[in-house]
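Here are some friendly notes to read alongside the model.

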Amino acid sequence: MRIPAHSVCTAIRDDIVSGVYERGSRLTEELLARRYGVSRVPVREALRTLESEGFVTTRRHAGACVAEPTEREAADLLELRMLLEPLGAARAAQRRTEAHLKVLRGLVRLGQERARRGEGEDLRSLGGWFHETLAQASGSPGLIALLTQLRHKIAWMYAVEQPARPAESWAEHGAIVDAVARGDAERARALTAQHAERAVGAHRLRRPDRSGRRAAPPPRVSSSQHGVNIAGVRH
(Lines give C-alpha, C1' and ligand atoms only; values in the text may rest on other atoms or scores of the structure.)
Protein backbone atom coordinates (compact mmCIF):
# COMPACT_ATOMS: atom_id res chain seq x y z
CA MET A 1 0.00 0.00 0.00
CA ARG A 2 1.43 3.37 -1.04
CA ILE A 3 1.07 6.05 1.64
CA PRO A 4 0.21 9.44 0.06
CA ALA A 5 2.91 12.07 0.35
CA HIS A 6 0.45 14.57 1.86
CA SER A 7 -0.18 12.18 4.78
CA VAL A 8 3.55 11.84 5.40
CA CYS A 9 3.86 15.63 5.12
CA THR A 10 1.14 16.10 7.74
CA ALA A 11 2.83 13.66 10.12
CA ILE A 12 6.25 15.31 9.80
CA ARG A 13 4.76 18.80 10.11
CA ASP A 14 2.85 17.81 13.25
CA ASP A 15 6.06 16.47 14.79
CA ILE A 16 7.92 19.68 13.93
CA VAL A 17 5.17 21.83 15.43
CA SER A 18 4.94 19.72 18.60
CA GLY A 19 8.71 19.84 19.14
CA VAL A 20 9.63 16.24 18.34
CA TYR A 21 12.21 17.63 15.90
CA GLU A 22 14.10 20.61 17.29
CA ARG A 23 14.90 23.62 15.19
CA GLY A 24 18.07 23.11 13.20
CA SER A 25 18.00 19.31 13.55
CA ARG A 26 18.64 17.14 10.50
CA LEU A 27 15.82 15.30 8.77
CA THR A 28 17.23 12.34 6.89
CA GLU A 29 15.02 10.52 4.41
CA GLU A 30 16.11 7.11 5.68
CA LEU A 31 15.24 7.78 9.33
CA LEU A 32 11.97 9.50 8.48
CA ALA A 33 10.94 6.63 6.20
CA ARG A 34 11.65 4.16 8.99
CA ARG A 35 9.81 6.23 11.59
CA TYR A 36 6.61 6.54 9.57
CA GLY A 37 6.78 3.11 7.95
CA VAL A 38 6.95 4.37 4.37
CA SER A 39 9.38 4.42 1.47
CA ARG A 40 11.75 7.31 0.86
CA VAL A 41 9.74 8.58 -2.14
CA PRO A 42 6.80 10.12 -0.18
CA VAL A 43 9.28 11.39 2.43
CA ARG A 44 11.23 13.20 -0.28
CA GLU A 45 8.03 14.75 -1.65
CA ALA A 46 6.92 15.74 1.85
CA LEU A 47 10.22 17.46 2.60
CA ARG A 48 9.92 19.50 -0.60
CA THR A 49 6.44 20.62 0.43
CA LEU A 50 7.57 21.47 3.97
CA GLU A 51 10.48 23.47 2.55
CA SER A 52 8.06 25.51 0.43
CA GLU A 53 6.00 26.15 3.60
CA GLY A 54 9.03 27.31 5.57
CA PHE A 55 9.23 24.43 8.07
CA VAL A 56 12.28 22.83 6.46
CA THR A 57 15.42 24.23 4.89
CA THR A 58 18.14 22.53 2.84
CA ARG A 59 21.73 23.10 3.94
CA ARG A 60 24.86 22.41 1.96
CA HIS A 61 26.52 19.17 3.13
CA ALA A 62 23.74 18.62 5.69
CA GLY A 63 20.63 18.12 3.58
CA ALA A 64 17.17 18.79 4.95
CA CYS A 65 16.96 20.40 8.41
CA VAL A 66 14.21 21.91 10.52
CA ALA A 67 14.11 25.64 9.81
CA GLU A 68 15.22 28.21 12.39
CA PRO A 69 12.96 31.25 11.84
CA THR A 70 14.03 34.66 13.07
CA GLU A 71 12.04 36.87 15.44
CA ARG A 72 11.19 39.15 12.53
CA GLU A 73 9.79 36.22 10.55
CA ALA A 74 7.72 35.19 13.56
CA ALA A 75 6.36 38.73 13.98
CA ASP A 76 5.45 38.83 10.29
CA LEU A 77 3.24 35.77 10.77
CA LEU A 78 1.09 37.51 13.37
CA GLU A 79 0.76 40.55 11.13
CA LEU A 80 -0.26 38.37 8.19
CA ARG A 81 -2.91 36.65 10.28
CA MET A 82 -4.28 40.03 11.37
CA LEU A 83 -4.71 40.88 7.67
CA LEU A 84 -6.06 37.55 6.43
CA GLU A 85 -8.45 36.48 9.19
CA PRO A 86 -10.68 39.58 8.78
CA LEU A 87 -10.73 38.96 5.02
CA GLY A 88 -11.77 35.37 5.66
CA ALA A 89 -14.59 36.50 7.96
CA ALA A 90 -15.85 38.97 5.35
CA ARG A 91 -15.84 36.26 2.70
CA ALA A 92 -17.62 33.91 5.12
CA ALA A 93 -20.42 36.47 5.55
CA GLN A 94 -20.95 36.30 1.79
CA ARG A 95 -20.41 32.59 1.16
CA ARG A 96 -21.16 30.63 4.33
CA THR A 97 -23.59 27.72 4.25
CA GLU A 98 -26.16 26.76 6.86
CA ALA A 99 -23.88 23.86 7.79
CA HIS A 100 -21.05 26.30 8.55
CA LEU A 101 -23.36 28.43 10.70
CA LYS A 102 -24.57 25.40 12.61
CA VAL A 103 -21.01 24.36 13.46
CA LEU A 104 -19.93 27.91 14.36
CA ARG A 105 -22.90 28.45 16.63
CA GLY A 106 -22.34 25.10 18.29
CA LEU A 107 -18.71 25.97 18.96
CA VAL A 108 -19.69 29.32 20.45
CA ARG A 109 -22.18 27.62 22.80
CA LEU A 110 -19.55 25.10 23.89
CA GLY A 111 -16.94 27.83 24.29
CA GLN A 112 -19.19 29.95 26.45
CA GLU A 113 -20.08 26.93 28.58
CA ARG A 114 -16.43 25.91 29.03
CA ALA A 115 -15.48 29.52 29.81
CA ARG A 116 -18.00 29.59 32.66
CA ARG A 117 -16.48 26.37 34.00
CA GLY A 118 -12.90 27.57 33.59
CA GLU A 119 -11.90 24.63 31.38
CA GLY A 120 -8.89 26.23 29.71
CA GLU A 121 -7.54 23.34 27.64
CA ASP A 122 -10.94 22.72 26.08
CA LEU A 123 -11.15 26.41 25.21
CA ARG A 124 -7.82 26.27 23.39
CA SER A 125 -9.04 23.44 21.15
CA LEU A 126 -12.45 24.99 20.63
CA GLY A 127 -10.87 28.29 19.62
CA GLY A 128 -8.76 26.53 17.01
CA TRP A 129 -11.80 24.73 15.60
CA PHE A 130 -13.77 27.97 15.54
CA HIS A 131 -11.18 29.82 13.46
CA GLU A 132 -10.65 26.83 11.18
CA THR A 133 -14.40 26.60 10.51
CA LEU A 134 -14.63 30.35 9.93
CA ALA A 135 -11.86 30.04 7.36
CA GLN A 136 -13.61 27.10 5.69
CA ALA A 137 -16.79 29.18 5.48
CA SER A 138 -14.92 31.72 3.32
CA GLY A 139 -15.24 29.33 0.38
CA SER A 140 -11.78 30.36 -0.83
CA PRO A 141 -9.37 27.39 -1.14
CA GLY A 142 -6.32 29.64 -1.42
CA LEU A 143 -7.24 31.65 1.66
CA ILE A 144 -8.09 28.51 3.62
CA ALA A 145 -4.67 27.03 2.78
CA LEU A 146 -2.85 30.22 3.81
CA LEU A 147 -4.71 30.50 7.13
CA THR A 148 -4.14 26.81 7.90
CA GLN A 149 -0.41 27.19 7.25
CA LEU A 150 -0.32 30.34 9.41
CA ARG A 151 -2.00 28.54 12.31
CA HIS A 152 0.58 25.73 12.16
CA LYS A 153 3.54 28.08 12.00
CA ILE A 154 2.26 30.39 14.74
CA ALA A 155 1.69 27.38 17.04
CA TRP A 156 5.26 26.29 16.27
CA MET A 157 6.79 29.66 17.08
CA TYR A 158 4.56 30.98 19.86
CA ALA A 159 3.07 29.97 23.18
CA VAL A 160 -0.38 31.48 23.65
CA GLU A 161 -1.66 32.53 27.06
CA GLN A 162 -5.29 31.98 27.92
CA PRO A 163 -7.31 35.22 27.85
CA ALA A 164 -7.81 36.78 31.27
CA ARG A 165 -11.55 37.02 30.56
CA PRO A 166 -12.41 34.00 28.40
CA ALA A 167 -16.14 34.77 28.54
CA GLU A 168 -15.48 38.09 26.81
CA SER A 169 -13.37 36.37 24.17
CA TRP A 170 -16.20 33.95 23.41
CA ALA A 171 -18.70 36.81 23.35
CA GLU A 172 -16.52 38.25 20.57
CA HIS A 173 -16.70 34.93 18.74
CA GLY A 174 -20.47 35.02 19.07
CA ALA A 175 -20.67 38.56 17.66
CA ILE A 176 -18.58 37.51 14.66
CA VAL A 177 -20.93 34.60 13.97
CA ASP A 178 -23.96 36.92 14.23
CA ALA A 179 -22.44 39.22 11.62
CA VAL A 180 -21.61 36.27 9.36
CA ALA A 181 -25.16 34.95 9.74
CA ARG A 182 -26.62 38.34 8.72
CA GLY A 183 -24.33 38.54 5.70
CA ASP A 184 -22.76 41.72 7.08
CA ALA A 185 -19.29 41.40 5.58
CA GLU A 186 -17.93 44.73 6.83
CA ARG A 187 -19.00 44.13 10.43
CA ALA A 188 -17.61 40.59 10.32
CA ARG A 189 -14.33 42.00 9.03
CA ALA A 190 -14.16 44.73 11.69
CA LEU A 191 -15.04 42.44 14.60
CA THR A 192 -12.51 39.82 13.50
CA ALA A 193 -9.80 42.49 13.12
CA GLN A 194 -10.45 43.71 16.68
CA HIS A 195 -10.46 40.15 18.00
CA ALA A 196 -7.19 39.29 16.22
CA GLU A 197 -5.51 42.48 17.44
CA ARG A 198 -6.40 41.71 21.06
CA ALA A 199 -5.17 38.15 20.67
CA VAL A 200 -1.69 39.28 19.60
CA GLY A 201 -0.84 40.36 23.13
CA ALA A 202 -1.33 36.79 24.38
CA HIS A 203 1.42 35.41 22.13
CA ARG A 204 4.85 34.76 23.65
CA LEU A 205 7.74 33.84 21.36
CA ARG A 206 9.13 30.40 22.12
CA ARG A 207 12.84 30.37 22.90
CA PRO A 208 15.26 27.51 23.58
CA ASP A 209 16.06 27.01 27.27
CA ARG A 210 19.62 27.27 28.57
CA SER A 211 20.36 23.67 27.68
CA GLY A 212 19.58 24.48 24.06
CA ARG A 213 16.34 22.55 24.08
CA ARG A 214 13.07 24.07 23.15
CA ALA A 215 10.65 25.02 25.88
CA ALA A 216 7.37 23.21 26.45
CA PRO A 217 5.88 21.95 23.16
CA PRO A 218 2.71 23.56 21.85
CA PRO A 219 -0.66 21.83 21.56
CA ARG A 220 -1.44 20.20 18.25
CA VAL A 221 -3.09 22.33 15.64
CA SER A 222 -6.19 20.83 14.10
CA SER A 223 -5.96 20.08 10.41
CA SER A 224 -8.33 18.78 7.80
CA GLN A 225 -5.67 16.26 6.77
CA HIS A 226 -4.87 13.06 8.62
CA GLY A 227 -1.43 11.88 9.62
CA VAL A 228 0.06 8.54 8.72
CA ASN A 229 -1.78 5.76 10.51
CA ILE A 230 0.44 2.72 10.44
CA ALA A 231 0.02 -0.10 12.95
CA GLY A 232 2.96 -0.38 15.27
CA VAL A 233 4.26 3.12 14.65
CA ARG A 234 4.04 5.42 17.66
CA HIS A 235 5.39 8.91 18.27
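**Notes on the fold, the helix packing and the salt bridges**

1. Among contacts in the chain between residues at least 6 apart in sequence, 75% join residues at least 24 apart; contact here means heavy atoms within 4.5 Å. Please keep in mind that this is a predicted model, where local features need pLDDT of at least 70 and side-chain atom pairs count only at pLDDT 80 or more, while totals for chains, interfaces and linings use all residues. Residues are numbered from 1 along each chain as its sequence is written, and side-chain values use heavy atoms, with hydrogens and water left out.

2. What does the secondary structure come to? The chain has nine helices and four strands, and read along the sequence they follow the pattern α-α-α-β-β-α-α-α-α-β-α-α-β. Helices (H or I, at least four residues) and strands (E, at least two) are DSSP runs, numbered from the N terminus. Of the 235 residues in the chain, 43% are buried; buried means under 20% relative accessible area, exposed means over 50%, and partly exposed lies in between (1.4 Å probe, protein chains only).

3. Now for the helix pairs. Two packed helices are described by the angle between their axes and the distance between the axes. The axes are lines fitted to C-alpha atoms, for helices over the stretch in contact, and angles run from 0 to 180 degrees between N-to-C directions. Angles under 35 degrees count as roughly parallel, over 145 as roughly antiparallel, 65 to 115 as roughly perpendicular and the rest as oblique. A crossing is left-handed if the near helix is turned anticlockwise from the far one by less than a right angle, and right-handed if clockwise.

4. Helix H4 (residues 71–95) packs with helix H9 (residues 185–200) at an angle of about 155 degrees, and their axes are 8 Å apart. H4 is therefore roughly antiparallel to H9, and the crossing is right-handed. On the H4 side the contact residues include Leu78, Met82, Leu87 and Ala90, and on the H9 side they include Ala188, Arg189, Ala193 and Val200. By class, this contact has 13 nonpolar, two polar and four charged residues; Ala, Val, Leu, Ile, Met, Phe, Trp, Tyr, Cys and Pro count as nonpolar, Asp, Glu, Lys and Arg as charged, and the others, Gly among them, as polar.

5. Helix H5 (residues 98–117) and helix H8 (residues 166–182) pack at about 165 degrees with axes 9 Å apart, so H5 is roughly antiparallel to H8. Here the crossing is left-handed. Among the residues in contact are Leu101, Leu104 and Val108 of H5, together with Trp170, His173 and Val177 of H8. The contact of H5 with H8 divides into twelve nonpolar, four polar and one charged residue.

6. The axes of helix H1 (residues 5–17) and H3 come within 8 Å and cross at roughly 60 degrees, which means that H1 is oblique to H3. H1 passes H3 in a right-handed crossing. Val8, Cys9 and Ile12 are among the H1 residues in this contact, and Val43, Thr49 and Leu50 are among those of H3. The classes here are eight nonpolar, one polar and three charged.

7. From C-alpha to C-alpha, aspartate 15 and tryptophan 156 are 10.0 Å apart in space, although 141 residues apart in sequence.

8. The structure holds 13 salt bridges, each a side-chain nitrogen of Lys or Arg within 4 Å of a carboxyl oxygen of Asp or Glu. One of them joins glutamate 29 to arginine 44 (3.1 Å, N to O). This pair links distant parts of the chain, with glutamate 29 in helix H2 (residues 29–36) and arginine 44 in helix H3 (residues 40–53), 15 residues apart. Arginine 44 is partly exposed, at 34% relative accessible area.

9. Glutamate 30 is partly exposed at 47%, and arginine 34 is exposed at 54%. Arginine 189 is partly exposed at 32%, whereas glutamate 186 is exposed at 53%.
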